[in-house]
Amino acid sequence: MTSSRKAPAARSKDTRRNRPRIALAFAGGGPLGAIYEIGALCALSDALQGLDFNGCDHYVGVSAGGFIAAGLANGITPRQLCEAFIEDRQDDDHFDPACLMKPAWSELGDRAKRIPGLLGGALWAWAAQGKSLTNAFERMGAALPTGVLDNEGIHLQVQRLFDKPGRSNDFRRLRARLTLVATELDTGEAAPFGQPGWDHVPISRAIQASAALPGLFPPVEIEGKHYVDGALKKTVHATVALDEGIDLLLCLNPLVPFHADPRASHTTRIPSLVEGGLPAVMSQTFRSMIHSRLALGFKHYERAYPDTDIVLIEPDQTDAELFFANTFSYRQRRELAEHAYQQTRRLLRQRAAVLAPRLQRHGVTLDMDVIHDRQRHLLAPPRRRRPAALDRLHATLDTLQHRLQTQPA
């Protein structure tokens with residue numbers, strides 16, 4: 001897919017004379033989105049020669065994609081992101097997924113304190129002011145929490161990761177441009193943390209704000225204003241990079257609507273999504289909405305930025321394994337990351353004839369040996385330990401065989 005750009009900013013012209021300007025943009029998608037993007041990113045890192053994923057000019061991240069973008073901008077390699085987020089290595093860089101599943105006790109407590117006053121006001125409006133019961137008790141909605149899970153752990157863990165030597169939790173101290181987009185709740189406008197005027201906010205707090213999905217996590221208060229998930233405004237927010245005169249933009253989008261095929265063996269358990277109940281219907285609705293917006297955005301890029309090459313990497317829409325995965329399950333994260341790695345290499349094989357010349361214009365080549373290597377894996381297969389019952393069976397059979405061999409004929 002090709003798109004265009006406006007005239008390069010004056011301060012970037014000298015840089016472009018030496019090498020192409022390359023940007024990476026990551027959409028959101030919750031923990032599942034981060035898992036997919038890490039697996040796909042590792043496949044791209046292995047297969048694209050001449051592209052330093054820690055040496056790009058601009059990184060743009062929305063929601064869960066903000067964590068990936070900020071990690072790369074801080075010099076954390078795709079493989080190191082995999083070790084920190086996917087594998088269970090208990091080192092200093094480990095990101096504990098349990099932090100995302102803690103109840104928002106503070107938010108729940110604050111809302112509970114409002115119940116007596118709100119209930120009294122509702123009863124007064126009904127009994128004394130003559131309002132209908134429905135209208136009177138509408139105000140009780142203010143007692144409902146704005147989020148059920150605590151997202152403060154996101155800020156604390158990312159802050160710990162970026163405060164290590166050689167990294168920074170300060171946008172202004174990074175070598176490359178980093179933009180993490182959230183949405184200001186009271187205005188609905190995009191908040192581009194990392195851009196001038198927004199770059200004094202800690203990176204970890206910006207990630208927390210950009211990933212604050214309404215209803216799941218409470219809005220994040222920064223300097224008296226409240227911010228929620230950046231995907232409410234746009235899916236990718238690639239314009240912030242395109243406006244700076246980018247030559248090549250690589251976008252990763254983890255969420256696509258599912259195309260069910262009752263003839264396919266892997267979807268025969270649910271030939272129609274309605275059979276999956278409310279979770280499947282809601283997931284398909286959400287994915288369709290954000291993906292249609294993404295498609296419209298890319299059509300705009302084609303018209304407005306005709307000199308920029310844009311490559312979009314996203315899952316196959318018939319991929320049932322990714323669609324039916326539990327968005328907030330970490331039990332499957334190793335398998336899903338490996339799946340994303342293999343599916344991305346397959347996509348590169350299928351699109352090699354189109355992608356190779358487009359990437360070559362910017363000094364990036366496809367490593368055909370990597371994308372065709374059927375034995376290549378992201379993660380080492382887990383060692384399978386035999387069940388204890390099977391071990392006992394083998395021991396019994398060995399004993400029986402020994403006794404039979406020692407019995408006189």
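The model is predicted: local features need pLDDT of at least 70, side-chain atom pairs count only at pLDDT 80 or more, and totals for chains, interfaces and linings use all residues. Residues are numbered from 1 along each chain as its sequence is written, and side-chain values use heavy atoms, with hydrogens and water left out. The chain has 409 residues, of which 48% are buried; buried means under 20% relative accessible area, exposed over 50%, and partly exposed in between (1.4 Å probe, protein chains only).

**Overall organisation**

- The secondary structure comprises 15 helices and 11 strands, where helices (H or I, at least four residues) and strands (E, at least two) are DSSP runs numbered from the N terminus.
- Of the contacts between residues at least 6 apart in sequence, 77% join residues at least 24 apart; contact means heavy atoms within 4.5 Å.

- Strand β8 (residues 225-228) pairs with strand β5 (residues 177-184) in the antiparallel sense, over two bridges; two strands pair if DSSP finds at least two bridges between them.
- In this pairing, Glu 184 has Tyr 227 of β8 as its bridge partner.
- Strand β7 (residues 220-222) also runs antiparallel to β8, and three bridges join them.
- Tyr 227 in β8 stands opposite Val 220.
- A hairpin is formed by β7 and β8, with two residues between the strands.

**Residues with positive phi**

- Most residues other than glycine have a negative phi.
- Glu 223 lies in the loop between β7 and β8, and its phi is positive, near 50°.
- The relative accessible area of Glu 223 is 62%, so this residue is exposed.
- His 237, likewise not a glycine, has a positive phi of about 60° and is located in the loop between β8 and α9 (239-242).
- His 237 is classed as buried because its relative accessible area is 7%.

**Packing of helices α7 and α8**

- Two packed helices are described by the angle between their axes and the distance between the axes.
- For helix α7 (residues 152-162) and helix α8 (residues 203-210), the axes come within 8 Å and cross at roughly 145°; axes are lines fitted to C-alpha atoms, for helices over the stretch in contact, and angles run from 0 to 180 degrees between N-to-C directions.
- The crossing of α7 and α8 is right-handed; a crossing is left-handed if the near helix is turned anticlockwise from the far one by less than a right angle, and right-handed if clockwise.
- From α7, Glu 152, Ile 154, His 155, Val 158, Gln 159 and Phe 162 meet Ile 203, Ser 204, Arg 205, Ile 207 and Gln 208 of α8.
- The residues of this contact divide into five nonpolar, four polar and two charged; Ala, Val, Leu, Ile, Met, Phe, Trp, Tyr, Cys and Pro count as nonpolar, Asp, Glu, Lys and Arg as charged, and the others, Gly among them, as polar.

**Leu 72 and the cysteines**

- Leu 72 belongs to helix α3 (residues 64-73) and, with 0% relative accessibility, counts as buried.
- Beyond its neighbours within four places in sequence, the contacts of Leu 72 include Leu 24, Phe 26, Leu 41, Phe 53 and Tyr 59.
- Leu 72 and Cys 56 are 16 residues apart along the chain, and their C-alpha atoms are separated by 8.9 Å.
- Cys 56 is buried at 2% relative accessible area, and Cys 251 is buried at 0%.
- The structure contains zero disulfides, a disulfide being a pair of cysteine sulfur atoms within 2.5 Å.
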